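Here are some notes to go with your first look at this one. Keep the viewer open and follow along point by point.

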Amino acid sequence: MELIYNIIDILFWILGIYLVLNCFYLGFFGLVGLLPLRKSKREASHYRKIAVLFPTYQENVVIVDSVKTALKHRYNGTFEVVVIADGLLPETLATLRELGARVIEVFFEKSTKGKAMQFAMNELKDEGFEIAVVLDVDNIMSDDCLSYLNGAFEQGNKVVQAHRVAKNMDSSFAFLDACNEEVNNHLSRKGHAVIGLSPALIGSGMAFEFAYFRDLLNNIGETVGEDKQLDFMIAKDKVSIAYLNDVYVYDEKIENAKVFTKQRTRWIASQVEFLKKYAFEGFVQLFKGNVEFFNKTLQTFLVPRMLLLALLFVLAVQSSFNPFGPTKVFWIGLFISLCLTLMISIPRRFYVDRRLYVALFQIPRAMWGMVIALASIGKA
């Protein structure tokens with residue numbers, strides 16, 4: 001029996017050390033993310049031709065409004081709005097063409113965003129485009145967004161990620177999701193950019209040198225997480241990603257727990273996919289001096305934050321009556337450290353909005369949604 005007790009004790013300590021590393025990683029980038037980044041520049045001697053891509057799957061209402069807004073965007077150079085249409089109704093396609101958008105229809109037995117963009121990029125390859133900007137179907141660019149992106153390419157960048165922010169915060173869950181988006185921006189993008197590492201791509205609000213993006217897509221394969229796959233491919237090429245913290249792309253936030261769970265299921269499935277795919281290669285790349293690739297690999301080992309918060313809370317509670325493993329002070333200290341990291345990662349403007357304090361009551365629902373998502377990753 002004593003042997004069993006010793007094994008249980010060791011397992012709890014192993015879990016404790018693993019979670020300490022999680023909290024340290026997040027805490028480090030939380031702190032460095034408080035440091036400023038230099039302002040983005042929009043001045044340029046050359047205004048590149050830009051393809052603004054809207055990969056769209058069966059979204060017949062939102063896409064029309066998004067395209068109308070995108071077509072009104074001001075840019076000194078030439079840009080074209082391109083809708084990559086998968087499963088849109090004929091009347092929607094006609095409306096988009098009447099508005100002035102280019103429509104490229106795609107037909108796949110098994111649709112993925114990566115395959116749709118690959119098809120479109122190959123269709124556009126001979127039309128002189130120099131930059132490809134990827135937006136989600138509900139995204140809206142801030143004023144002069146394309147000018148700032150062009151300015152980033154003027155400085156020699158090949159890949160750029162803009163700052164994605166919430167377009168809507170009209171429900172408690174949407175406000176919580178907006179907070180989560182800003183925590184992601186602080187930890188995974190600004191914090192990394194401050195110390196010279198590449199930010200994580202989000203899947204929208206990102207821009208690429210056209211020819212380079214086409215090459216990446218032609219080798220992306222089939223995946224549920226095309227943005228993460230691009231992250232790894234770019235890191236392996238040793239190409240840096242620039243982050244424009246003061247250039248915004250507005251994104252629709254999730255308004256209920258059901259949609260949140262579905263989205264997180266796909267995200268966790270993507271994380272597991274790349275953990276299996278690149279865990280070993282990450283260490284190989286580290287020994288080759290590719291710290292960027294190793295850092296991307298480390299991120300696949302991290303517990304998703306909402307799950308981490310729930311797990312540390314449970315461990316802090318159980319430490320009151322469980323004699324095995326670290327003490328109550330250890331678990332409570334870890335839980336508090338994670339809470340502090342999250343607090344400093346949320347923009348100050350949110351703290352003067354009373355909706356934040358109402359949204360906090362949605363955290364248990366979000367935690368439960370993450371548990372369901374973890375159990376459902378096979379469906380993704």
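1. First, some ground rules. This is a predicted model, so please bear in mind that local features need pLDDT of at least 70 and side-chain atom pairs count only at pLDDT 80 or more, while totals for chains, interfaces and linings use all residues. Residues are numbered from 1 along each chain as its sequence is written, and side-chain values use heavy atoms, with hydrogens and water left out.

2. Start with the sheet. It is open and has 8 strands, in the order β3-β2-β1-β4-β7-β6-β8-β5, with mixed pairing. The edge strands, each pairing on one side only, are β3 (102-105) and β5 (140-141). Strands here are DSSP runs of E with at least two residues, helices are runs of H or I with at least four, and both are numbered from the N terminus. Two strands pair if DSSP finds at least two bridges between them.

3. Zoom in on one pair of strands. Strand β1 (residues 50-57) runs parallel to strand β2 (residues 79-86), and 8 bridges join them. To find your place, take V52: its bridge partner in β2 is V81. As background, strands of a sheet pair through backbone hydrogen bonds, either parallel or antiparallel.

4. Which strands does α4 touch as it packs on the sheet? They are β1, β2, β3 and β4 (131-134), and the direction of α4 makes about 120° with that of β3. Contact means heavy atoms within 4.5 Å. Axes are lines fitted to C-alpha atoms, for helices over the stretch in contact, and angles run from 0 to 180 degrees between N-to-C directions.

5. Helix α4 (residues 113-124) also has a helix partner: its axis and that of helix α7 (residues 210-217) come within 9 Å and cross at roughly 135°. The two are therefore oblique to each other. For the cut-offs, angles under 35 degrees count as roughly parallel, over 145 as roughly antiparallel, 65 to 115 as roughly perpendicular and the rest as oblique. The crossing of α4 and α7 is left-handed, which is the label when the near helix is turned anticlockwise from the far one by less than a right angle (right-handed if clockwise).

6. Who meets whom there? From α4 come G114, M117, Q118, M121, N122 and L124, and from α7 come F210, F213, R214 and L217. The residues of this α4 and α7 contact divide into 6 nonpolar, 3 polar and 1 charged. In that scheme Ala, Val, Leu, Ile, Met, Phe, Trp, Tyr, Cys and Pro are nonpolar, Asp, Glu, Lys and Arg are charged, and the others, Gly among them, are polar.

7. A second pair is helix α1 (residues 2-32) with helix α10 (residues 291-301): they pack at an angle of about 125°, and their axes are 11 Å apart. That makes α1 oblique to α10. In this contact, α1 supplies Y18, N22 and Y25, and α10 supplies N295, L298, Q299 and F301. By class, the contact of α1 with α10 has 4 nonpolar, 3 polar and no charged residues. The crossing of α1 and α10 is left-handed.

8. Now for α8, which is mostly covered: 9 of its 11 residues are buried. Buried means under 20% relative accessible area, exposed over 50%, and partly exposed in between (1.4 Å probe, protein chains only). The buried residues of α8 include L230, F232, M233 and I234, but also E226 and D227.

9. Buried or exposed: what is K238? At 56% relative accessibility, K238 counts as exposed. K238 lies in the loop between α8 (226-236) and β8 (241-251), and its phi is near 60°, a positive value in a residue other than glycine. D144 has a positive phi too, near 65°, and lies in the loop between β5 and α5 (145-154). D144, though, counts as buried at 17% relative accessibility.

10. A174 lies in helix α6 (residues 172-194) and counts as buried at 0% relative accessibility. Leaving aside neighbours within four places in sequence, A174 is in contact with N168, M169, K253, I254 and E255. D251, in strand β8, counts as buried at 6% relative accessibility. With the neighbours within four places again left aside, the contacts of D251 include D136, D138, R164 and E181.
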